[in-house]
Amino acid sequence: MTRFSVNDRPVEYRMDPETPLLWALRDASNLTGTKYGCGTGDCGACTVDIDGEAICSCLVTIAECEGRFVTTIEALSRDRSHPVQQAWVAEQVPQCGFCQSGMIMAAAALLRKNSNPSDAEIDAAMTNICRCGTYPRIRTAIRRAGRVMRGEERIAAAPPPGIRPADAARAVPALRTPHGD
Amino acid sequence: MTGIRDKVGQNRSRLPHVSRRSFLVGATAAGGLALAWSVWPRSYDPNLTAAEGEHVFNAFLKIGDDGHIAAIVPQCEMGQGVTTLLPQIMADELGADWRTIAVESAPISPLYTNTLLVDEDSGAFMPRSLVPDFVADVRSWVRREWAVRHAVMLTANSSSVRMFEGPCRAAAAQARALLMMEAARRWDADWQQCDTQDGFVILGKKKLRFAEVAAGAAKLDPPPEPVYRAPAADPLYGKELTRLDLPAKVDGSANYAGDIRLPDMVFAAIRQGPLGATRLKSIDRRAGMKSPGLLHIVEHERWLATVARNWWAANRALDRFAPVFETDGPPVSTTRIDTALKAALKADGYRIRQKGDVGAAMEARKKISAHYAVAPALHAPIETRTATAATDRGHVRVWVATQAPAQCRDAIARATGLAPSDVTLFPMMAGGSFDACLDHSVAVQAAIIALQIKRPVQLAWSRAEEIMRDIPRAPARAKMTATLDAAGGIDALIARIAAPSTNHEFRARLFDGTPADVAQREAAGTPDAVAVEGALSTYDIRHFAVNHCPADIGLPTGRWRGNADSYTAFFTECFIDEMAARSGSDALSYRVAMLGESPQLARCLLTATSLGGWEGGVAGTAQGLACHSMRGSHIALMATARPSERGLQVQQLVAVVDAGRLVNPAVARQQVEGGLIFGLAAATGATTDYGGGIAAARKLGQLGLPRLSQSPEIIVEFVDSDRDPGGLGEIGVPVVAPAVANAIAAATGRRIRRLPLSTRPL
């Protein structure tokens with residue numbers, strides 16, 4: 001049986017039950033924010049949230065997901081408002097960005113349980129590999145996201161997607177709507 | 001890509017008649033082809049497409065009736081921030097509001113040729129017939145003409161800003177002039193009295209949005225020479241603007257080649273067998289065809305691809321087909337690589353650079369020598385090679401990340417028998433690359449598969465395939481020999497460096513489509529100046545020489561973040577440290593004494609050691625230094641590192657960088673931090689052994705790449721500078737390994753002369 005929830009929607013995958021969750025998400029659901037990097041649980045680029053735990057989706061089959069709740073980067077927030085996403089932009093963490101969905105999902109799972117993790121706890125939770133070398137910023141961004149979650153700080157660094165042209169024109173004097181002002 | 005010609009440039013009469021020859025000479029005199037925008041021959045009009053309500057100003061800029069400004073970026077975004085930096089330069093010169101900037105990838109066009117790279121590195125980026133080895137004085141216009149004709153739009157060698165700052169600024173100045181001319185026409189004023197600011201043309205109290213004048217402005221004739229904007233009170237240039245690509249990179253919406261989804265698209269996996277002259281010999285068709293979910297197989301002379309409704313099913317099917325490969329000649333192995341390097345080092349090799357008379361200076365003197373060895377370095381980007389391809393009545397469309405789009409298109413055309421004009425390339429962001437995207441195998445394979453199965457397909461290499469078929473940075477060995485004067489200073493030094501002739505084989509692969517094993521064989525034994533780049537390049541030594549000893553290692557090699565500098569800096573900086581220790585000198589003052597001709601580097605060193613608290617390099621301090629200059633930038637690094645029970649502990653890296661003027665200091669800092677961690681990975685791993693033509697490592701976890709817990713404290717400072725920008729992508733990489741090796745020597749008294757750092761004997 002391969003029925004479970006993906007981003008709060010019930011799904012049944014008509015695929016081989018041994019298919020790793022990663023490929024059901026990417027190739028059947030077109031949730032391409034979750035990345036393939038190794039298939040062996042080494043890099044963490046495919047990290048998703050399953051019932052509150054950060055798990056490498058390349059290592060869990062869709063059969064094993066039966067009845068569980070899977071959340072991917074696409075649904076961490078609908079508008080980039082999650083404190084980790086905001087902190088990630090504020091600290092300019094991503095470079096090539098390929099590993100970052102997994103990094104962000106791992107960081108979000110860590111902070112949900114403990115919004116003030118120690119260095120050792122961050123090290124233990126963040127075992128993802130980044131080749132661009134974003135590590136120093138990841139530590140800083142996790143601390144900052146933690147402060148936001150604890151209500152000590154607010155960030156508005158990443159704009160929400162899908163801003164309407166008319167709203168943009170109201171905020172930016174150089175813009176105008178196609179039909180004039 | 002055959003772009004749709006826009007109206008810009010259709011008015012033939014406004015282009016002055018220039019012969020090809022005078023054009024080239026003129027361009028050279030102007031200091032860059034793209035700078036000479038007013039004299040482009042007809043065939044080089046911008047081939048941009050404009051959306052409805054969008055107006056093409058030139059090859060770099062479009063402006064919309066709604067006020068959006070589309071900045072065209074002719075470089076591959078692979079994390080270095082180029083899709084922010086070049087737009088930032090253009091927005092600054094335009095007087096635009098940063099919030100109105102959009103970014104588009106450039107189509108393939110000679111207008112975007114990276115002439116700087118071709119000039120700087122003609123040994124690597126030119127066909128051999130045009131540049132005899134060693135001939136540095138080939139007339140630059142020959143190089144440029146060739147590069148322009150082939151639209152050599154390379155992203156490499158930390159050259160994006162160095163190459164394109166001038167053209168971007170000139171293009172923005174041209175667009176700005178046109179906007180002001182149109183506004184002035186409406187105001188019945190002199191356009192030269194106008195200015196621009198925050199997306200408006202202004203004249204006294206009068207203001208018009210770019211949006212309002214764009215349509216008219218795009219039809220006007222530009223002034224013959226660019227007229228630049230006076231420095232703004234609050235310039236965008238130099239500001240720590242947030243990278244434009246970040247919002248899409250925190251919610252999963254940023255698309256890489258593997259994120260393309262097309263109607264009816266299927267997924268392919270591939271197996272290519274051992275390195276070398278390998279052919280697919282047989283497959284177990286009966287077992288393979290029973291693979292669940294298998295849709296198609298494509299058998300190629302050199303590989304087998306399987307196609308299914310999801311990638312995992314395709315990749316699983318490969319195992320069931322159990323492809324058998326046959327390889328001619330001796331297989332690639334670590335033993336063979338080592339043997340070839342050692343043998344090459346016994347010969348004198350070819351003298352690439354020299355000063356003074358090193359032979360006479362060393363004669364009958366006591367010589368001190370040390371040997372060093374560096375393993376091949378894998379790219380190991382987190383994104384494995386991936387491309388998506390779709391065919392339609394004799395056309396093929398390919399989505400792929402490439403650092404050389406025209407050569408990628410040509411490679412696809414060559415392999416499929418299509419005309420280049422029937423190949424459309426969609427340049428994607430790269431998930432890392434580090435120069436891996438200078439290889440186009442995956443794009444070619446995807447196109448072949450799509451043509452054969454007649455439906456859209458996405459091909460992704462498995463991680464094992466990525467490791468096994470990566471074309472790594474070359475391994476190298478060096479023998480460094482010096483004579484010391486009475487005070488212990490180096491008065492003569494020879495660096496003999498054994499390495500394959502990487503750049504000849506790279507060039508044959510990139511421009512001629514030569515298979516990697518053939519290119520490797522053909523290049524073997526030829527001198528290659530680029531293979532020893534960066535050796536002894538900074539120190540003022542009275543007599544020195546750098547020799548390249550070409551080694552036929554059997555393993556194809558290629559370009560990589562940091563290139564040859566990543567091993568030559570290890571040889572130089574370790575050896576200098578050894579000589580300092582031998583003469584009882586402080587490694588800092590020993591270096592500074594030889595940096596009389598590199599004051600910028602000396603300043604970096606002094607600042608880094610002051611920031612890091614340099615304790616004089618005495619035994620037991622666990623501090624090590626290294627410094628290096630490349631691509632117009634300088635870096636000094638102080639590392640604190642010591643071995644521990646849990647392995648090597650790199651505790652702190654303090655880097656001071658002089659990269660000239662910084663377009664965006666935040667992006668610059670990212671690049672140096674990232675380069676240091678990339679260098680750290682290469683100091684401790686990022687390699688594999690080879691046996692029987694196959695890489696021993698199959699999993700990412702076997703490459704010893706650092707994770708967050710192994711990431712040291714990093715401090716990066718930039719020297720304030722007004723000089724032209726230097727490169728930033730690679731400058732952090734080469735100094736890490738020698739600084740860490742020197743720190744370990746200080747901490748333990750043991751000298752490690754091998755990369756990845758290991759006490760295994762040479």
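Please keep in mind that the model is predicted. Chain B and chain A bury about 5400 Å² between them, and within chain A the helices α2 and α5 cross at roughly 135 degrees.

**Helix pair in chain A**
- Helix α2(A) spans residues 83-90 and helix α5(A) spans residues 135-149, with axes that come within 8 Å.
- The crossing of α2(A) past α5(A) is right-handed.
- On the α2(A) side, the contact involves A:Pro83, A:Val84, A:Ala87, A:Trp88 and A:Ala90.
- Facing them from α5(A) are A:Ile138, A:Ala141, A:Ile142, A:Arg144, A:Ala145, A:Val148 and A:Met149.
- Sorted by class, this contact between α2(A) and α5(A) comprises 11 nonpolar residues, one charged residue and no polar ones.

**Interface between chains A and B**
- Contact joins 76 residues of chain B to 58 residues of chain A.
- Of the roughly 5400 Å² buried between the two chains, 57% lies on carbon and sulfur atoms.
- B:Val250, B:Ile382 and B:Leu708 contribute 15% of the area that chain B buries against chain A, more than any other three residues.

**Annotated domain in chain B**
- An unreviewed UniProt entry annotates residues 251-329 of chain B as "domain: Aldehyde oxidase/xanthine dehydrogenase a/b hammerhead".
- Over residues 251-329, chain B is 20% helix and 35% strand.
- The end C-alpha atoms of residues 251-329 in chain B are 49 Å apart.

Technical notes: Residues numbered from 1 in each chain as written. Chains lettered and ligands numbered in written order. Predicted model: local features only at pLDDT ≥ 70, side-chain atom pairs only at ≥ 80, totals over all residues. Heavy atoms only, no water. UniProt positions renumbered as here; feature names shortened; annotations may be inferred. Helix = DSSP H or I, 4+ residues; strand = E, 2+ residues; numbered from the N terminus. Axes fitted to C-alpha atoms, helices over the stretch in contact; angles between N-to-C directions. Left-handed = near helix turned anticlockwise from the far one by under 90°. Contact = heavy atoms within 4.5 Å. Nonpolar A, V, L, I, M, F, W, Y, C, P; charged D, E, K, R; others polar. Buried area = accessible area lost by both parts, 1.4 Å probe.
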